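Here are my notes on this model, point by point.

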Amino acid sequence: MVCGGFTCSKNALAALNVLYILISFILIGVAAYGRVAAIVTSLTLVGSLITCGVVLFFISLIGLIGAVKHHQVMLFFYMIILFVLFLIQFALACACLAVNTEQKENIAKQGWMMASDSTREDVQRNFNCCGYTNQQLNSTDRLGFPSCKTSACCSSPEHSEAFCCTGKSSNSSTTCPCDSCFDKLQDKIYSAFTMTGGVGLFFSFTEILGVWITVRYRNQKDPRANPSAFL
């Protein structure tokens, strides 16, 4: 049987946990990119996958130590926690992939409404945009925005007096020269869900492999140990 011996199972489990450590960094990095690339969205699902990545990192350390020492108790808790983590990560990844266009837009809208004026101003400056969708709203509206004077699109003299650039209603007849922030962020929001969900789903199946190897490894005797010490 392929990799049926104690040493092979030990090395396979140790190597798999090293892989999990790398996977945890990938999960954290990809999910963090999703949050940074779409600053104004309250991406709870993406944030949850970051948490899964952090938990996976620490669980992998436990599994690596348990594999090297053939520690029964550590391997048992490692196996249980890894299986629970698989269920959570699998569910979150599927949820990210299952979110439709309308739901993504609603999440982005809620994120903008919850953001502070300073956050909105940072988004407008970083992405050279102005307002969420309606550029005639003032800052007191829930979908409103602070003036876009720091955005590059408002820097030219002929456009600097537009309502969106100054926030003064007396200049509301001037057309806003900037694109809306939703138009600028739309593709990034969609790719954040797809990329995070895809990576999370793919790597969740490796965790089932880890559970299976751990079950086999726990029930194998260490040929170098005292047989009477085997539980």
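**Notes on the cysteines and helices**

1. Starting with C164: this cysteine is buried, at a relative accessible area of 2% (buried is under 20% relative accessible area, exposed over 50%, partly exposed in between, with a 1.4 Å probe and protein chains only). The sulfur atoms of C164 and C176 sit 2.1 Å apart and form a disulfide, a term used here for a pair of cysteine sulfur atoms within 2.5 Å. The S-S torsion of C164 and C176 is about 95°, so this disulfide is right-handed. C164 is in helix α6 and C176 in the loop between α6 and α7, so the bond ties together parts twelve residues apart in sequence. Helices here are DSSP runs (H or I, at least four residues; strands are E, at least two), numbered from the N terminus.

2. A word on provenance. This is a predicted model, where local features need pLDDT of at least 70 and side-chain atom pairs count only at pLDDT 80 or more, while totals for chains, interfaces and linings use all residues. Residues are numbered from 1 along each chain as its sequence is written, and side-chain values use heavy atoms, with hydrogens and water left out.

3. How many disulfides does the distance rule give? The count comes to four. One of them is C153 to C178, with the sulfur atoms 1.9 Å apart. Its torsion about the S-S bond is about 95°, so the C153 and C178 disulfide is right-handed. C153 lies in the loop between α5 and α6, and C178 in the loop between α6 and α7, so parts 25 residues apart in sequence get tied together. Both C153 and C178 are buried.

4. Another disulfide joins C129 and C181, at a sulfur separation of 2.1 Å. The S-S torsion of C129 and C181 is about 85°, so right-handed again. C129 is in the loop between α5 (117-127) and α6 (163-166), while C181 belongs to helix α7 (residues 181-218), so the pair links parts 52 residues apart in sequence. Both C129 and C181 are buried.

5. What about C94 and C96? The sulfur of C94 has its closest cysteine sulfur in C96, 9.5 Å away, which is too far for a bond. C94 counts as partly exposed, at 30% relative accessibility, whereas C96 counts as buried, at 1%.

6. As a check on length, the 27 residues of α3 (residues 72-98) should span 39 Å at 1.5 Å a residue, and the end C-alpha atoms are 39 Å apart, which agrees. The expected span is 1.5 Å times one less than the number of residues.

7. Last, the packing of α5 on α7: their axes are 10 Å apart and the angle is about 80° (axes are lines fitted to C-alpha atoms, for helices over the stretch in contact, and angles run from 0 to 180 degrees between N-to-C directions). The two helices, α5 and α7, are therefore roughly perpendicular, a label for 65 to 115 degrees; under 35 is roughly parallel, over 145 roughly antiparallel and the rest oblique. V123, Q124 and F127 of α5 meet C181, K184, L185 and K188 of α7, contact being heavy atoms within 4.5 Å.
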